[in-house]
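Thanks for coming. I have one structure to go through today, so let me put it on the screen.

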Amino acid sequence: RQLSSNGIVVPVIVVEKETGRISSPPEIVTRGLVEADETSALISDAGRVLRETLDARTPEEHQDPGLTRERVRLELRRFLKRRTQRRPLVVPVVMEV
């Protein structure tokens, strides 16, 4: 029921295993969140929030993908709630290479 009314957001983040650095720009996939004409501006702003969140990670978060995943989930939920007045399901994917 929540997915049908609020949508889903999947940010995909690729980090280097040894350093914890982001190895490629994050990608954000949405379904059922907003209309197609509003998506590009929202994704652009969400990408900015995501980059700021990733840049502000603590050294512990650099080494632990679970902490990074949780921080991304919380920050994106907060941003999307303010921007869209919806509470989408945010499922971050942090891949280590």
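Which residues form a nonpolar patch on the surface? They are L3, L89 and V91, and together they have about 220 Å² of accessible area. Keep in mind that this is a predicted model.

V91 sits in the loop that runs between β3, residues 89-90, and β4, residues 93-96.

The space in the largest cavity is about 50 Å³.

What lines the largest cavity? The lining consists of V15, E16, K17, G20, R57, E61, H62, P65, T68, V94 and E96. In terms of secondary structure, α3, α4 and β4 each contribute at least two residues to that lining; α4 spans 65-84. By class, five of the lining residues are charged, three are polar and three are nonpolar.

One more position, T58. T58 lies in the loop between α2, which is 36-55, and α3, which is 59-63. With a relative accessible area of 32%, T58 is partly exposed. How far apart are the C-alpha atoms of T58 and E96? They are separated by 17 Å, and the two residues are 38 apart along the chain. E96 is also one of the residues lining the largest cavity.

That is what I have for today.

Technical notes
Residues are numbered from 1 along each chain as its sequence is written. This is a predicted model: local features need pLDDT of at least 70, side-chain atom pairs count only at pLDDT 80 or more; totals for chains, interfaces and linings use all residues. Side-chain values use heavy atoms; hydrogens and water are left out. Patches are made of residues with over 30% relative accessible area and no salt bridge: like charges are joined within 9 Å, nonpolar side chains (Val, Leu, Ile, Met, Phe, Trp, Tyr) within 5 Å. Accessible areas come from the Shrake-Rupley method with a 1.4 Å probe; for residues, only the protein chains shown count as cover. A salt bridge is a side-chain nitrogen of Lys or Arg within 4 Å of a carboxyl oxygen of Asp or Glu. Helices (H or I, at least four residues) and strands (E, at least two) are DSSP runs, numbered from the N terminus. Buried means under 20% relative accessible area, exposed over 50%, partly exposed in between (1.4 Å probe, protein chains only). On a 1 Å grid over the protein atoms alone, a cavity is a set of points where a 1.4 Å probe fits but cannot get out, and a pocket is an open set with protein on both sides within 12 Å along at least five of seven lines; lining residues have an atom within 4 Å of a point. Grid points are joined across faces, edges and corners, and a volume is the space filled by probe spheres set on the points. Ala, Val, Leu, Ile, Met, Phe, Trp, Tyr, Cys and Pro count as nonpolar, Asp, Glu, Lys and Arg as charged, and the others, Gly among them, as polar.
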